[in-house]
Amino acid sequence: WNVSTLQVTGRFQLSSGGLTSIRLHGGRLWCCTGNSIMVMTTNGFLCQELKIEEHFKDISTSFLAFQLFPEQEQLWAACAGRSEVYIWSLKDLAQLPQRVPLKDCSEIICMIRVKKQVWVGSRGLWQGTPRGKIYVIDAERKTVEKELVAHTDTVRTLCSAEDRYVLSGSGREEGKIAIWKGE
């Protein structure tokens with residue numbers, strides 16, 4: 001799109017379809033399609049692809065979300081039905097990913113980057129009861145710093161406001177928004 005005229009300047013279609021998220025990094029478009037994360041030129045040519053089946057042959061899953069940490073040369077991703085965050089090296093996406101397990105998490109729903117942290121929205125257990133949980137992961141140490149519980153329903157969405165606050169929204173059973181101070 002041309003920003004000032006709002007006219008389309010170019011278009012292309014991904015071969016695998018189902019685009020769930022997109023990022024611009026290093027002059028390339030990083031596209032999450034569920035079955036893969038594709039690195040494309042802005043003209044639509046495939047440069048690199050991280051395929052889900054190459055790393056998760058034993059289970060049926062798909063990519064839900066991803067975050068890029070260019071300063072650490074890392075790609076962080078969450079997968080459907082999984083309770084771990086996966087970290088790949090941008091230097092070699094073919095290597096096995098590092099894993100950050102999330103204790104008492106039944107499934108990850110969303111993920112955002114806030115400063116040097118990754119906030120993960122999920123459904124998990126709190127004192128034996130299913131609750132919406134947020135895991136705050138230190139991106140440098142790759143460890144869970146905090147587990148936040150404020151929702152009785154699954155955390156469906158996260159939004160960063162000026163890198164100072166994080167808003168979390170729960171599912172329709174509760175339908176509330178919580179505001180957290182990002183540290």
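How do the residues of the lining of the largest pocket divide into nonpolar, polar and charged? The points below begin with that lining and then turn to strands, salt bridges and backbone angles.

1. Basis of the note. The model is predicted, and local features need pLDDT of at least 70, side-chain atom pairs count only at pLDDT 80 or more, and totals for chains, interfaces and linings use all residues. Residues are numbered from 1 along each chain as its sequence is written, and side-chain values use heavy atoms, with hydrogens and water left out.

2. The largest pocket. The lining divides into 6 nonpolar, 6 polar and 1 charged residues. In this division Ala, Val, Leu, Ile, Met, Phe, Trp, Tyr, Cys and Pro count as nonpolar, Asp, Glu, Lys and Arg as charged, and the others, Gly among them, as polar. The volume of the largest pocket is about 270 Å³. Of its 13 lining residues, those closest to the centre are R11, F12, Q13, I22 and L29. A pocket here is an open set of points on a 1 Å grid over the protein atoms alone, where a 1.4 Å probe fits, with protein on both sides within 12 Å along at least five of seven lines; lining residues have an atom within 4 Å of a point. Grid points are joined across faces, edges and corners, and the volume is the space filled by probe spheres set on the points.

3. Strand β3. All 5 of the 5 residues in strand β3 (residues 36-40) are buried. On one side these are S36, M38 and M40, and on the other I37 and V39, which leaves both faces covered. In a regular strand the side chains alternate between the two faces of the sheet. Buried means under 20% relative accessible area, exposed over 50%, and partly exposed in between (1.4 Å probe, protein chains only). Strands (E, at least two residues) are DSSP runs, numbered from the N terminus.

4. Neighbours of β3. Strand β2 (residues 28-32) runs antiparallel to β3 and is joined to it by 4 bridges; W30 has V39 as its bridge partner in β3. Strand β4 (residues 46-51) also pairs with β3 in the antiparallel sense, over 5 bridges, and M40 stands opposite L46 in β4. Two strands pair if DSSP finds at least two bridges between them. Both pairings are hairpins: 3 residues separate β2 and β3, with G34 in the turn at a positive phi of about 95 degrees, and 5 residues separate β3 and β4, with G44 in the turn at a positive phi of about 95 degrees.

5. The four-stranded sheet. An open sheet with antiparallel pairing has the strand order β5-β6-β7-β8. Its edge strands, β5 and β8 (98-101), each pair on one side only. Between β6 and strand β7 (residues 84-89) there are 5 bridges, and the two run antiparallel. The bridge partner of L75 in β7 is W88.

6. Salt bridges. The whole structure holds 10 salt bridges, each a side-chain nitrogen of Lys or Arg within 4 Å of a carboxyl oxygen of Asp or Glu. One of them joins R113 to E71, with the closest N and O atoms 2.4 Å apart. R113 lies in strand β9 (residues 105-114) and E71 in the loop between β5 (63-69) and β6 (74-79), so that pair links distant parts of the chain, 42 residues apart. R113 is partly exposed at 26% relative accessible area.

7. Two further pairs. K133 and E147 form a salt bridge with the closest N and O atoms 2.7 Å apart. Because K133 lies in strand β11 (residues 129-138) and E147 in strand β12 (residues 143-151), the pair ties together parts 14 residues apart in sequence. K133 is buried at 0% relative accessible area, whereas E147 is partly exposed at 31%. Salt bridges that share partners also join R82, E84 and R99 into one network.

8. Most residues other than glycine have a negative phi. D104 has a positive phi near 60 degrees; D104 is found in the loop between β8 and β9 and is partly exposed, with a relative accessible area of 40%. Q127 has a positive phi of about 50 degrees. Q127 is placed in the loop between β10 (117-126) and β11 and counts as exposed at 71% relative accessibility.
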